[in-house]
Amino acid sequence: MKIDIIGDIHGCIDELHKLFNTLDYEYKGDIYVHPHKRTPVFLGDITDRGPNSIAVIKLVYQMVVKHKKALYVPGNHCNKLYRYFLGNNVQRKHGLETTVAEYESMPTREQKLVQKQFLTLYEQAPLYLQLPELNVIIAHAGIKESLIGRTDKKVKTFVLYGDISGEFDSSGRPIRRDWAKDYHGNNWIVYGHTPVKNPRIQNKTINIDTGCVFGNRLTAFRLPEEKIISVPSRQPLLEDKFTDFT
């Protein structure tokens, strides 16, 4: 098994196309396939903030659900959009408003199709992926060693939001503990969620959310090669959105 784990896309469909091309995938019909049967893995937060979240939903649905040529784990933005599509009272901010605006501009028939596709995609997704043949665990915001193998509420909160402290910084962003520095397992843990300028390797963890929607790059991590591939973003650079762990 060979996989390409793709970091937080956030509606940046053009950069996703570019990344697939850079990874030598071929567009056949309505999906990307690799001539050497590599499997893409989407790391969650496929929507919100970026210019074309609906197009990303459609492509990921086709690849994961319809053709079963890719894998997907949900992120916190995916969870919020899921709750919105269920009719829950969620706030249209922190990026959701961009996806909702796209959605509401579509004809009713197409709205129903996209809603059904996303609900199906989300409901069939695992909280996180364990691929023992590649010694890797894939979770949107990461996972502590003590939580691996569990799927309870505490684990769901962690893999969607990270190791949150309940406190906020001066800009209103949640303060998260640096769980990766305390990880000493033998499996790779590949995650995103917290934008970093360059992929951050700490022990045997790697954060590949390189902030495409904030103007930096869209990144993939290839296994078993342990190779990082990135393409530049087309979005404006917002320096204050990135976390520096040094």
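The model is predicted, so local features are taken at pLDDT of at least 70 and side-chain atom pairs at pLDDT 80 or more, while totals for chains, interfaces and linings use all residues. Residues are numbered from 1 along each chain as its sequence is written, and side-chain values use heavy atoms, with hydrogens and water left out.

Two packed helices are described by the angle between their axes and the distance between the axes. Helices here are DSSP runs of H or I with at least four residues, and strands are runs of E with at least two, numbered from the N terminus. Axes are lines fitted to C-alpha atoms, for helices over the stretch in contact, and angles run from 0 to 180 degrees between N-to-C directions.

Take α3 (residues 76-85) and α4 (residues 96-104): their axes come within 11 Å and cross at roughly 45°. The two helices are therefore oblique to each other (under 35 degrees would be roughly parallel, over 145 roughly antiparallel, 65 to 115 roughly perpendicular, and the rest is oblique). On the α3 side, K80, L81, Y84 and F85 make the contact, meeting L96, T99, V100, Y103 and E104 of α4; contact means heavy atoms within 4.5 Å. Sorted by class, that contact has six nonpolar, one polar and two charged residues (Ala, Val, Leu, Ile, Met, Phe, Trp, Tyr, Cys and Pro count as nonpolar, Asp, Glu, Lys and Arg as charged, and the others, Gly among them, as polar).

Which residues of α4 are buried? They are L96, T99, V100, E102 and Y103, where buried means under 20% relative accessible area, exposed over 50%, and partly exposed in between, using a 1.4 Å probe and protein chains only.

Over to the loop: K204 lies between β11 (200-202) and β12 (205-207). K204 is partly exposed, at a relative accessible area of 29%. Beyond its neighbours within four places in sequence, K204 contacts Y183, G185, N186, N187, W188 and I189.
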